[in-house]
Amino acid sequence: MAAGSSQNSEGLAYDVFLSFRGEDVRKSFIDHLRSGLKREGITAIFYDDKGLERGDEIQPKLYEAIDRSKMAIVTFSPRYAESRWCLDELVRIMERKSLGLMVVLPVFYNVDPTNVRHQTGPYQEAFHKHKVAKIDRVNKWRQVLASAADLAGFGLQTQANG
């Protein structure tokens with residue numbers, strides 16, 4: 001799963017849970033972010049590149065990792081909302097935040113926070129693809145995207161080298 005996943009007295013195994021759309025940012029921004037966190041001494045990082053064994057149910061493993069993390073860094077990229085997995089992760093993350101159990105830091109990578117907040121641009125297109133999902137699930141996704149986009153975070157669309 002993640003390096004340095006020793007459990008502390010609160011039952012937390014990870015300092016940081018990274019939520020991201022792999023196709024967009026895994027081998028670029030996320031790899032750099034992980035390296036930067038490790039340089040700063042943050043080594044208990046959940047990153048879904050290992051530890052999920054073939055045949056494991058993914059969602060319970062991800063929810064367990066979210067529940068056992070102090071903080072989530074959510075990297076919103078142009079295709080983030082296309083992934084039902086990402087949106088379901090975000091629901092769980094924002095539920096934990098609302099209970100005061102997790103700090104959430106959004107990163108807007110090549111996407112404007114307004115697109116996330118109002119589900120416009122690539123986020124509007126993604127929601128057109130989710131027509132078959134239950135309306136209450138879609139409404140929850142919309143709600144947590146708006147809430148997450150209202151948090152103070154980092155916009156990388158104008159930063160050289162992200």
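The axes of α3 (84–98) and α6 (135–149) come within 9 Å of each other and cross at roughly 65°. Axes are lines fitted to C-alpha atoms, for helices over the stretch in contact, with angles running from 0 to 180 degrees between N-to-C directions. The crossing is left-handed, a term that applies if the near helix is turned anticlockwise from the far one by less than a right angle. On the α3 side the contact (heavy atoms within 4.5 Å) is made by R84, L87, D88, L90, V91, M94 and E95; α6 contributes R137, K140, W141, V144, L145, S147 and A148. These residues divide into 8 nonpolar, 1 polar and 5 charged. Here Ala, Val, Leu, Ile, Met, Phe, Trp, Tyr, Cys and Pro count as nonpolar, Asp, Glu, Lys and Arg as charged, and the others, Gly among them, as polar.

The model is predicted: local features need pLDDT of at least 70 and side-chain atom pairs pLDDT 80 or more, whereas totals for chains, interfaces and linings use all residues. Residues are numbered from 1 along each chain as its sequence is written, and side-chain values use heavy atoms, with hydrogens and water left out.

L90 of α3 and F76 touch the most other members of the largest nonpolar core, which has 33 residues. Such a core is a set of buried Ala, Val, Leu, Ile, Met, Phe, Trp, Tyr and Cys residues joined through side-chain atoms within 4.5 Å. Elements giving two or more residues to this core include β3, α3, α5 and α6. Beyond its neighbours within four places in sequence, F76 is in contact with residues including L90, Y123, L145 and A148. Another core, of 13 residues, lies apart and includes L18, F20, F29 and Y109.

Helix α5 (residues 122–129) has Y123, A126 and F127 as its buried residues. Their directions from the axis fall within an arc of 100°, so they line one face of the helix; the arc is taken from the helix axis to the C-beta atoms. The face turned away carries the exposed residues E125 and K129. Cover for the buried side includes β3, α3, α4 (113–118) and α6.

Two further positions are compared below; buried means under 20% relative accessible area, exposed over 50%, and partly exposed in between (1.4 Å probe, protein chains only).

| Residue | Relative accessibility | Class |
|---|---|---|
| T75 | 0% | buried |
| N110 | 47% | partly exposed |

T75 lies in strand β3 (residues 69–76) and touches, among others, F20, F29 and Y109. N110 belongs to the loop between β4 and α4, with its C-alpha 6.5 Å from that of P78, 32 residues away in sequence. Helices (H or I, at least four residues) and strands (E, at least two) are DSSP runs, numbered from the N terminus.
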